[in-house]
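Please look over the chain and its ligands before reading on. A short briefing on selected features comes next.

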Amino acid sequence: MPYVDVILPLALDKLYTYSVTDDQAGILRPGMRIAVPFKRSKLYTALVHSLHEDAPQGYEARPIDQVLDQEPIVFEDHLAFWQWIASYYMCTLGDVMRTALPGAFMLESETVILPSVKEEANEAELTDNQFLILEALQNNSALKVGDIQRILERQRVLPVLQSMMEEGLIQMKEKIQERYRPKWVKYIRVLPDYQTDEGLATVLEQLSRAEKQKTLLMHYFKLAGKLNDWISSSELIKSSGISAAIRKSLLDKGIFEEKKVREDRLNTELHVEKISDISLNPQQSQALANTEDHLDSGKVVLLHGVTASGKTEIYVKLAQKALIKGEQVLYMVPEIALTAQLITRLQQHFGDAITVYHSRYSVHERVETWNNVLKESPKTKVILGTRSSLFLPFRKLGLIIVDEEHDPSYKQFDPAPRYHGRDAAVVLAKSLGSQIVLGSATPSVTSYNNHSTGKYGYAQIPDRYKEILMPEVHLVDLKEQHRKKIIQGHFSVPLLEAIGETLANKEQVILFQNRRGYSPIVECTSCGHIPQCQNCDVSLTYHQYRGELRCHYCGYHETLEVGCAACGNQSLDTKGLGTEQVETELGTLLPDARVMRMDYDTTRGKHSYSKIITAFEKRDIDILVGTQMVTKGLDFRHVNLVGIMNADTLLNFPDYRAHERGYQLLMQVAGRAGRTKKQGQVIIQTYQPVHPVLKQVLHGDYKAMFDRQMKEREQFRYPPAIRIIRIEFKHKEYQRVQEGSSWFARSLRQEFSSNVLGPESPLISRLRNQYIKQILIKIPLEVSMAQTKNSIKRIQRSFNAISQYRSIRVIYHADHI
Ligand code: ADP
Ligand code: ZN
């Protein structure tokens, strides 16, 4: 009798076996979806892992419910990649499945179905079943899959729902419901008929007595870049100064036509002008040649080029070559924010051959992209995306580019799989036979070490393109500014002067402060009470705009009371600096400057990133204040000054990576200054002007940072000199997590003796009412990771067998880098 082993999208330690009929066995292949009953009679979507003839041990195989795919949606070499992720990052295949596949691919009985946010469906084109479902959704705004089984009076409803989801007729409720409505932008043009000489003559004749309409028409021609060009309707109105009513008359007369385009699809719908090939300068050509040599010899390449040296241009050249060979290209960035700016730039080279993929896209859009990649649609020759795009079903992935490879955002923290996008990309490239380039101006110590030990190839671009000098960096001693009482708020004299000068020259400023909100601490001036989060072991951050105290970890918030909650004293003091306060102080110090803030609070919506970035690009903003979001890879042409409000919080962080990260962050944010014209300026305010990292930043001396770091890490045994597995324990009772983690550490010590550190409380020892303990295991390079992980898993099995420990959550960070 034939059987299938399946992956269920649940955290199960093993595959489950179901029986199939001979007919089913004939069509099923690994990577296809089937619906199966699990846990009583609930239905789940599972993925076929393998087919065989062996009955399972210990339970009787149940028959599957039905086959959902005709072709695999995941290929076998990708399943092997899933397997690698699961074993390397110590999680289950079900965890990987949930991260890898768009949610809409995994319908189950409990899935909640919602009406679509798209336009009305065309009733004439609906099947009976589709009609019934949409009708039911009109009366109930949400239905479970189980309800739909009753409505359709049949068991097998998943295929119907699946196809409706793919057509965008319905959507599923996701855990974090994205309350996102696409934004539409109106575009307008003169009908092509009237764009000929004759046509235009007729129309002008017709409008001979409508002066304003004529003017608006002529304005269109001024703005339109080429024949039949669509231009933004609101821009036409704004720049012509003529009222919208006039536009309407021209629309009514059929001289103008209008179309609505979804903002995030603008570029693909409107066809960005392609630009002719860029020719590389000698340094860039050399770097490209070196990169290609190493790639051809099968090596991973680290491309180390200072900020604005033209790394992106090199990626483009490499990608073009891959496309010529008919291969696909994956261009990875650490954060969604970066896709917004890169997309236009890449479209100038690749036109419509590029698709963006990341988690903020709707379920429907993610499914669409998945299917497009699957059928090798020309739109998906180049994929620009965040780490989750690694899981797309590429068939001929020729090249992976990991841009800003040093960025910690490549790591997924929660939920499992807790994987590192860069490292997983290296493994994927190996298993698919793709070439891979890791690029950065400030490589991670790990990757640079892989170059020094000869494991990775290396290519370098030492200077900025067009001989623009690297920005000049100045350190300002805050202690002295305070002593002399010349500091205004948090702005030193040199910083304020430099801002003034920059604005006078009609250039722009970026100010960086790594904390959001107004101030991270509020303190009673009388008793010293500091409001804390109810659920976490952290102080509440004051948000002035909302008049609230907020926890940045769990979202808890309360209104800021006038008096101290402990003693009733009326005067409260704020300590520490957040982006809101920087913005507020600027309002007082430079009331005429146009200031905008870019941090987590101002960028929640799907389009808010690109809105701020576009406004800054268009110079509607003079000063951009932000958290690390402003440091990342953004390419602005008119920024001449970057100010770092306070470097100390970055450097004094108790983590072995603090200095590496501090260096990277400061160099990256500095790199936003003076990218295209003249030398930029960077001002770093600090209480420790003699700090070694600041000296390295002052001289842009990456090598000094790397050498010092490697020395320290060898001495104190940190990666990459060794490897570390971090294990977190979480429980709502302190006593229990304390005892459980101690038990675990004792068992680990029997095997790994002094290489086990802890248990200890991490920096934040309670989060969302869960107490946390952690254990670090240091693993020498010559010791097998696989064996180590097996031992840990074995200890965990004994741990789980102890009843009072079973409820403790054990979380693995299998690479503490
Ligand atoms: P990086 O990715 O290293 O930060 P970019 O590729 O963004 O650098 O280059 C910085 C700026 O210089 C960009 O505006 C880019 O278009 C321009 N540039 C770089 N190299 C060239 C080149 N060879 N020809 C024309 N412009 C270039
Ligand atoms: Zn909290």
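Predicted model: local features only at pLDDT ≥ 70, side-chain atom pairs only at ≥ 80, totals over all residues.

The largest nonpolar core has 170 residues. The structure also holds 28 aromatic pairs and 30 salt bridges.

- For reference, the ideal angle for four tetrahedral donors is 109.5 degrees.

**Nonpolar cores**

- Within the largest core, of 170 residues, the most contacts belong to Trp82, Ile727, Phe744, Leu748 and Ile792.
- Helix 14 (residues 336-350) gives the most to this core: seven residues.
- A second core is separate and has 19 residues. Val476, Leu590, Ala593 and Val625 are among them.
- Which residues does Phe744 contact, leaving aside its neighbours within four places in sequence? They are Ile727, Phe729, Ile775, Ile792, Ile795, Gln796, Phe799 and Tyr812.
- Phe744 has a relative accessible area of 0%, so Phe744 is buried.

**Aromatic pairs**

- The structure holds 28 aromatic pairs. One of them joins Tyr656 and Tyr718, and this pair is stacked. The centres are 4.7 Å apart, with 5° between the planes.
- This pair links distant parts of the chain, 62 residues apart. Tyr656 sits in the loop between helix 22 (648-651) and helix 23 (658-670). Tyr718 sits in the loop between helix 25 (702-716) and strand 31 (722-731).
- Tyr656 is buried, at 14% relative accessibility. Tyr718, at 24%, is partly exposed.
- Phe729 and Phe744 form an edge-to-face pair, 5.1 Å centre to centre and 65° between the planes.
- Phe729 lies in strand 31 and Phe744 in helix 26 (residues 734-752), 15 residues apart. This pair, too, links distant parts of the chain.
- Phe729 is buried, at 0% relative accessibility. Phe744 is buried, with a relative accessible area of 0%.
- Phe81, Trp84, Tyr88, Tyr89, Phe391 and Tyr419 form one aromatic cluster.

**Salt bridges**

- How many salt bridges does the structure hold? There are 30 salt bridges.
- Lys214 bridges to Glu211, with the closest N and O atoms 3.9 Å apart. The two residues are three apart in helix 8 (residues 211-223), so about one helical turn separates them. Lys214 is partly exposed, with a relative accessible area of 22%.
- Glu548 and Arg546 meet in a salt bridge at 3.8 Å, N to O.
- Asp601 forms a salt bridge with Arg604, the closest N and O atoms being 3.3 Å apart. Asp601 is partly exposed, with a relative accessible area of 22%. Arg604 is also partly exposed, with 42%.
- A network of salt bridges links Glu376, Arg395 and Lys396.

**A buried loop residue**

- Where does Thr380 lie? Thr380 is in the loop between helix 15 (363-374) and strand 16 (382-385).
- The relative accessible area of Thr380 is 1%, so Thr380 counts as buried.
- Leaving aside neighbours within four places in sequence, Thr380 is in contact with Gln328, Ala353, Thr355, Thr369, Asn372 and Val373.
- Thr380 and Lys677 are 297 residues apart in sequence. In space they are 35 Å apart, C-alpha to C-alpha.

Notes
Residues numbered from 1 in each chain as written. Chains lettered and ligands numbered in written order. Heavy atoms only, no water. Salt bridge = Lys/Arg side-chain N within 4 Å of Asp/Glu carboxyl O. Helix = DSSP H or I, 4+ residues; strand = E, 2+ residues; numbered from the N terminus. Buried < 20%, exposed > 50% of the residue type's maximum accessible area, 1.4 Å probe, protein only. Core = buried A, V, L, I, M, F, W, Y, C linked by side-chain atoms within 4.5 Å. Contact = heavy atoms within 4.5 Å. Phe/Tyr/Trp six-rings, centres within 6.5 Å; stacked < 30°, edge-to-face > 60°.
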